[in-house]
Amino acid sequence: MTKAQIEKLDNQGRGICYIDSKITFVKNALPTEKVEVKLIKETKKYQEAIVKNYIETSKKRVKSPCPYFNQCGGCSLLHSTYEDTLKYKKEKLENIMVKYAKQKTDIEIIASPNNLSYRNKITLKIKNGQYGYFKNATHELVKIKNCLLAEPAIQNFLKNLSHLHIKNGELICRSNYNNELLLWIKTKEPIIPDIEYLKKHHKIAGIILNGKVIHGEPSFIEIINKQIFTVSYDSFFQVNRQICSTLFHLVNEYIKEEEIILDLYCGVGTLGINARKKAKKVYGIEIVKNAVLNAITNAKINKRNNMYYILGEVASSLSKIQEQINTVIVDPPRMGLDNTTKEILINLKPSKIVYVSCDPITLARDISDLSKFYKALTIKGLD
């Protein structure tokens with residue numbers, strides 16, 4: 001074992017120290033801590049280690065409320081106070097912008113109203129009838145009885161998972177504002193869930209088995225800022241309902257009256273429908289069929305006229321829009337914008353782009369790629 005001093009955290013929340021002058025990443029270690037570590041991986045450029053003994057712990061260290069912390073890999077900062085995690089995320093975002101976008105920015109971090117019990121969607125792995133999460137970067141199952149990140153309706157449902165009778169596969173569990181559940185089961189084995197039992201104990205909006213509805217409906221209703229959205233089992237929706245509400249308000253700040261909006265990767269239409277309060281017209285593009293059908297329904301439910309949706313890949317669908325676009329809203333997957341989409345955006349020449357990102361590194365890359373034509377005026381981090 002080797003003694004080391006933790007200097008700072010990396011982008012994954014691991015402690016950073018140097019052993020034999022080589023950068024070493026250490027899980028469950030905080031800045032200022034002195035530790036004894038065991039090396040578990042070594043490459044030419046870096047090493048990975050685990051803590052075997054804490055010689056001196058940080059005064060800011062707290063006991064994680066989760067019994068599975070540092071096992072399942074889902075959380076990396078539960079040993080730190082929430083205030084410190086916000087400071088860490090602020091520094092992380094600012095450093096990423098400097099490194100990948102060459103832009104020094106003071107980024108405002110907007111805290112989540114709930115730092116636990118906020119996720120309205122979780123994905124569970126099932127092996128030999130045992131439910132849980134995979135350890136980070138492995139297929140090794142960590143069996144769980146509860147997940148503190150999940151909304152109460154999902155946490156309550158976890159007690160009765162065995163009544164789904166799944167031996168091996170995957171379960172995606174979603175909850176809405178009304179504590180209803182939408183369950184998407186993926187398995188190669190025949191199963192017969194005990195639906196009547198589950199209905200007695202939970203609000204089951206629908207159960208989908210390998211893409212086929214076996215109970216209820218394939219979607220449920222979600223409400224954000226008094227706006228109603230139909231969400232299918234396979235459609236994208238923000239996982240934190242409270243922060244989603246804040247996001248809607250932020251996006252609307254950059255929409256002017258009578259603008260023509262292009263909403264790329266529009267999902268079930270949330271951002272475009274939200275912007276339609278001000279905009280003259282909104283075009284939405286999405287590749288998931290159910291999401292487009294949801295978006296069309298959602299526009300009607302919210303009495304939004306002049307909203308048009310295109311099913312297909314963003315890059316190949318943009319040519320179908322002939323009008324001059326004033327503002328583009330993008331909410332791409334983690335890979336960010338592909339080169340073709342960026343080229344088309346540049347050719348469209350919208351006056352502004354509102355970029356919603358779930359990966360700051362690809363965001364910074366795209367800001368850099370667009371910097372010849374656009375300047376990033378404001379960057380905010382939503383926890």
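Mentor: In this predicted model, V328 stands opposite I353 in β21. As background, strands of a sheet pair through backbone hydrogen bonds, and they may do so either parallel or antiparallel.

The pair β20 and β21 belongs to an open sheet of five strands, and reading across it gives the order β19-β18-β17-β20-β21. The pairing in this sheet is parallel. At its edges stand β19 (307-311) and β21 (352-355); each has a single partner strand, so one side of each is left without a neighbour in the sheet. Direction ignored, neighbouring strands of this sheet are turned by 15° against each other on average.

Next comes the chain as a whole. The protein chain has nine helices and 22 strands. Its radius of gyration is 23 Å, close to the 21 Å that the globule rule gives for 383 residues, so the chain is as compact as a globular protein of that length. The C-alpha trace spans about 65 × 60 × 35 Å along its principal axes. Of the 383 residues, 50% count as buried.

Empty space is the remaining topic. Rolling a probe the size of a water molecule over the atoms shows where such space is left. In this chain the count comes to two cavities of 30 Å³ or more. The largest cavity has a volume of about 90 Å³. Its lining includes F236, F237, Y265, C266 and D331, and by class the lining has six nonpolar, three polar and one charged residues.

The second largest cavity holds about 40 Å³ of space. It is lined by N120, R174, S175, F220, E222, V231 and F237. Two strands, β11 (169-175) and β15 (219-224), each supply at least two residues of that lining. By class, the residues around the second largest cavity divide into three nonpolar, two polar and two charged.

Pockets, unlike cavities, are open. The second largest pocket has a volume of about 770 Å³ and is lined by 26 residues, of which K8, L9, D10, Y88 and E91 lie nearest its centre. At least two lining residues each come from β2 (8-9), β4 (22-26) and α1 (82-101). The largest share, 10 residues, comes from α1. By class, this lining has 10 nonpolar, seven polar and nine charged residues.

Definitions and conventions. Residues numbered from 1 in each chain as written. Predicted model: local features only at pLDDT ≥ 70, side-chain atom pairs only at ≥ 80, totals over all residues. Heavy atoms only, no water. 1 Å grid on protein atoms, 1.4 Å probe; cavity = no way out; pocket = protein on both sides within 12 Å on 5 of 7 lines; lining within 4 Å. Points joined across faces, edges and corners; volume = space filled by probe spheres on them. Helix = DSSP H or I, 4+ residues; strand = E, 2+ residues; numbered from the N terminus. Nonpolar A, V, L, I, M, F, W, Y, C, P; charged D, E, K, R; others polar. Rg over C-alpha atoms; globule rule 2.2 N^0.38 Å. Buried < 20%, exposed > 50% of the residue type's maximum accessible area, 1.4 Å probe, protein only. Pairing = 2+ DSSP bridges. Axes fitted to C-alpha atoms, helices over the stretch in contact; angles between N-to-C directions.
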